[in-house]
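Look at the fold below with a few plain questions in mind. Where do charged side chains pair, and how do helices and strands pack?

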Amino acid sequence: MPADRPINILLVEDDEVDIMNVKRALRKNNLTNSLYVAANGLEALSMLGKNETQLSIIPAERRLILLDLNMPKMGGIEFLQELRADPALRSIPVVVLTTSDRDQDRTEAYHLNVAGYLLKPVTFNAFAELIATLNHYWALCEVP
């Protein structure tokens, strides 16, 4: 992202290796976006200030969610349903980053207006390339 317009990324992921890979890929590509990590959908909603009693710890502008689907407590599809039902949060762009190549998961995710559905690459170099490509794309997008 351009240095003057960073994206605030919320990574919703329960796998520590995948969290480390995202952090490493951001560093490898010299990306300085703020990264916030939630271990599941419930934690992510809390971090976004879903309940009126909670304040968002993530800045309200220029947010992007990278979402895994298979997580404990609240999975990705259920999180998307809650996010899209909230008028204050529904416009946040979400990119699914998952190992699930199930047609049903893809279809449900796109019905909930995800901006993209990406399969996690097996190798770190491919993962770093994916993050660089995603970064380039979002650098060109006008994000609220």
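E13 and K120 join their side chains in a salt bridge, at 2.7 Å from N to O. A salt bridge here is a side-chain nitrogen of Lys or Arg within 4 Å of a carboxyl oxygen of Asp or Glu. The two residues come from distant parts of the chain, 107 residues apart. E13 sits in the loop between β1 (8–12) and α1, and K120 in the loop between β5 (116–119) and α5. Helices (H or I, at least four residues) and strands (E, at least two) are DSSP runs, numbered from the N terminus. Both E13 and K120 are buried. Buried means under 20% relative accessible area, exposed over 50%, and partly exposed in between (1.4 Å probe, protein chains only).

This is a predicted model: local features need pLDDT of at least 70, side-chain atom pairs count only at pLDDT 80 or more, and totals for chains, interfaces and linings use all residues. Residues are numbered from 1 along each chain as its sequence is written, and side-chain values use heavy atoms, with hydrogens and water left out.

E13, D18, D68 and K120 are linked in a network of salt bridges.

How many salt bridges are there by this rule? The count comes to five. One of them joins R102 and D105, at 3.4 Å from N to O. R102 counts as partly exposed because its relative accessibility is 43%. D105 has 8%, so D105 counts as buried.

## The sheet

Five strands form an open sheet in the order β2-β1-β3-β4-β5, with parallel pairing. Two strands pair if DSSP finds at least two bridges between them. The edge strands are β2 (34–38) and β5, and each pairs on one side only. Three bridges join β3 to β4 (residues 94–98). Among the residues involved, L67 has V96 in β4 as its bridge partner.

## Two helices meet

Which residues of α1 meet α5? They are D18, N21, V22, R24, A25, L26 and K28. Their partners in α5 are F124, N125, F127, A128 and I131. Contact means heavy atoms within 4.5 Å. The residues of this contact divide into seven nonpolar, two polar and three charged. Ala, Val, Leu, Ile, Met, Phe, Trp, Tyr, Cys and Pro count as nonpolar, Asp, Glu, Lys and Arg as charged, and the others, Gly among them, as polar.
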